Every structure is written in structure tokens, then in C-alpha cells.
Amino acid sequence: MKEKLEALKIEALAKLQDVSNPQELNDLRVKYLGKKGELTEVLRGMGGLSAEERPIIGQVANLVRSAIEEIVEAKQEAFVQQETLNRLQAEKVDVTLPGRRLAQGGIHPLSRVVQEIEDIFIGMGYRVAEGPEVETDYYNFEALNLPKNHPARDMQDSFYLTDDLLMRTQTSPVQVRTMQAMKGEAPVKIICPGKVFRRDDDDATHSFQFHQIEGLVIGRDIRMSDLKGTLQQFVQEMFGANTDIRLRPSFFPFTEPSVEVDVSCFKCGGNGCRLCKQTGWLEILGAGMVHPNVLEMGGYDPAEYSGFAFGMGVERIAMLKYGIDDIRHFYSNDMSFVKQFRGV
Ligand code: PHE
């Protein structure tokens with residue numbers, strides 16, 4: 001019996017030594033140590049042994065059992081360790097690899113120009129006002145001294161939604177909305193950036209939708225010279241200290257007198273170049289003294305108050321400033337266009 005046990009031990013240890021996976025190990029454990037295992041089988045035969053032999057064989061059997069158990073445990077431990085190692089290997093992260101770059105957005109050139117203009121006017125004590133893009137006929141035209149059927153309405157072809165509602169064709173309606181909201185209080189000093197819409201066919205310089213910035217100042221003794229000085233200050237901050245302006249007579253129904261405002265060409269300094277079409281001047285905005293009718297409809301007595309207003313096209317200014325030759329670039333969502341303005 002002793003020999004049987006020894007043989008069993010040698011066989012078990014040899015087989016266990018060679019196991020290659022946990023499943024095999026478990027099978028061997030059951031085969032030798034299980035309730036119906038071979039060792040148990042041998043020990044069952046101990047009943048037939050003499051009283052002297054029994055403790056001796058018992059001892060041998062225990063030694064065989066613990067020898068097998070020991071190697072089973074060692075192997076089990078080795079498999080666990082191997083598994084941990086494998087997992088670590090599989091989940092390995094090389095922290096020295098360069099990171100994946102997140103695509104970084106940039107501020108759209110139109111937003112840049114709007115922010116820049118806002119900053120300049122906020123620096124002069126203006127506040128930013130807003131108004132709706134869907135506007136009533138009253139605010140877009142009538143309250144701006146453009147009664148129904150007035151021929152000057154043709155200057156701005158409109159998208160009407162109903163008889164009374166349209167997409168605003170200009171930011172000027174915010175003038176009237178602001179005056180009414182101020183309830184006759186003065187001074188009023190606002191600028192209003194926003195989208196406007198006109199029934200234009202799109203081409204390199206026209207778009208059915210574009211942006212304007214409106215300015216309005218109302219107070220006592222506001223004069224044409226205040227308008228000129230304000231715009232002079234604005235263009236110098238916007239285009240450079242040497243920039244000059246000139247006012248040309250013009251017509252807008254809501255201002256009297258009205259002017260078109262040119263800036264000296266900031267590219268050639270006024271000598272004449274392609275940008276200014278050899279004239280030395282660039283037309284950038286419309287302006288004038290607020291018409292008495294408009295003051296009245298806004299709730300200000302024209303005998304007591306006066307004011308000036310101006311309106312400029314954001315796209316046009318951005319195109320001049322950055323040398324962009326087609327207004328459609330602004331809306332084409334072409335990343336290579338927008339990316340150029342990331343660090344401007
Ligand atoms: N609203 C005018 C336009 O869109 C511009 C303007 C604004 C002119 C304010 C004078 C005063 O053409």
C-alpha cells in the first residue's frame with residue numbers, strides 16, 4: 001500500500017507539474033484529491049490493515065495528500081498571477097504617447113468684428129441693445145418715417161411673413177424700440193448688432209441675410225459734429241490712428257440730414273489701390289441726424305431732444321479689414337476659411 005501511495009504521489013506530481021491551464025489543474029485536483037479521487041480510493045483500503053500498519057500508512061497518506069495539495073495551491077497561485085499579468089499587459093497604456101488633439105474652434109470673423117466694434121463703443125459709454133429678427137411693418141418701416149406705399153421702401157426689398165410681419169431689413173427698428181423702452185429718458189446711447197434680411201440675389205457682395213450694427217444717441221444739443229467726432233474716433237480705433245473720414249450727402253427716410261460715411265483707405269493710406277478702386281476712400285456706413293418724426297414716434301419731443309444714428313454692414317467691414325473677396329465665404333462653413341481667423 002505504501003508503494004501504491006508513493007506511485008500515486010509520483011504520478012500526481014509529474015502530471016501537476018505539467019498542467020497548462022486552470023481547467024486542467026482542477027480536473028487533476030478532483031482526480032487525485034476529490035471524494036471519488038484516487039487517493040481517497042487508496043485510503044478506503046486502509047480498513048483491511050493491521051493496527052500497527054494503519055498509523056504508518058496514515059502518515060504516508062497524509063504526506064502524499066499535503067504534497068499534492070501543496071503543488072495544486074502553488075499552481076493555482078501561479079495561474080492567478082499569470083492572469084493578472086496578462087490583464088495588466090492587455091490594459092497597458094503608454095503614458096508617454098502624445099495625446100490626441102481635440103479640434104479647436106475659432107471665433108468666426110463676423111463675430112470678431114462685431115465684438116471689436118462693440119468694445120469700441122462700450123468704451124465710449126454705449127450699451128448693447130437687441131431687437132427681434134421677425135419685425136412688424138410698424139417698427140421696420142412706419143415708425144422710421146416710411147409710411148405704407150412710400151417709394152423709399154423699394155430701397156429694401158423685404159421678406160414678408162404676413163401682411164404685417166416681415167424679416168427685418170435693417171437694425172434701425174431697434175432705434176424706435178429702444179426709444180419707447182426708455183420712455184423719454186435721456187441720454188440714449190446704444191449700439192445694436194444683429195441679422196437683417198433682404199430679397200437680394202446672392203453674389204460676391206450681396207447676401208439675402210447679413211449683419212448690421214446700428215448706433216443711436218439721443219440727448220439735448222446733440223449735433224452733426226457729435227456724429228462726426230464719434231465716427232472719427234470709431235474708425236481710428238477700428239482701422240488705425242491715421243484713418244480719416246468724409247461725409248457725403250445722402251438720403252435715408254429716418255435721418256435728416258443724411259450722410260454716407262467713407263473712411264480713407266487703410267490699405268493704401270488714401271493714395272488709391274485696388275481695394276478702394278483707386279479712389280482712396282471706402283464707403284462703410286450710413287448715418288444722419290434722427291428725423292423729428294422718428295423722435296416723436298419714439299416718445300421724444302424734437303423741440304427738446306435731438307440725436308444721431310448710424311448703421312454699418314458687418315460683412316462689408318470684415319471683408320475690407322481681412323481682404324475677403326466673396327461674402328459667401330462667411331456662410332459656406334468651409335473650415336479652411338474659418339481656421340485662418342483662429343489667431344487673428
Ligand atoms: N438702416 C440703414 C440701411 O440699412 C442704415 C442707416 C442706419 C442709415 C441709421 C442712417 C441711420 O441702409
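Which residue in strand 9 does M289 stand opposite? Select M289 and look across to F308. This is a predicted model: local features need pLDDT of at least 70, side-chain atom pairs count only at pLDDT 80 or more, and totals for chains, interfaces and linings use all residues. Residues are numbered from 1 along each chain as its sequence is written, and side-chain values use heavy atoms, leaving out hydrogens and water.

**Stop 1: strand 8**

Select residues 281-290, which make up strand 8. Strands are DSSP runs of E, at least two residues long, and helices are runs of H or I with at least four; both are numbered from the N terminus. Eight of the 10 residues in strand 8 are buried. Buried means under 20% relative accessible area, exposed means over 50%, and partly exposed lies in between (1.4 Å probe, protein chains only).

Two strands pair if DSSP finds at least two bridges between them. Find E260: it stands opposite G286 in strand 8.

**Stop 2: E256**

Stay in strand 7 and select E256. UniProt, in an unreviewed entry, places a "binding site" feature here. UniProt annotations may be inferred rather than shown by experiment. E256 counts as partly exposed because its relative accessibility is 48%. Leaving aside neighbours within four places in sequence, E256 is in contact (heavy atoms within 4.5 Å) with M289 and H291.

**Stop 3: S172**

Go to the loop between strand 3 (165-167) and helix 7 (173-182) and select S172. Its relative accessible area is 3%, so S172 is buried. Show the side chain of E214: a polar contact of 2.7 Å joins it to the side chain of S172. A polar contact is a pair of N or O atoms within 3.5 Å; within protein, one must be able to donate a hydrogen and the other to accept it, and residues adjacent in sequence count only if both atoms are side-chain atoms. Beyond four places in sequence, the contacts of S172 are L144, E214 and F254.

**Stop 4: a ring and a charge**

Finish at Y139 and R177. The charged end of R177 sits over the ring of Y139, 4.1 Å from its centre. The rule asks for NZ of Lys or CZ of Arg within 6 Å of the ring centre and within 35 degrees of the ring normal.
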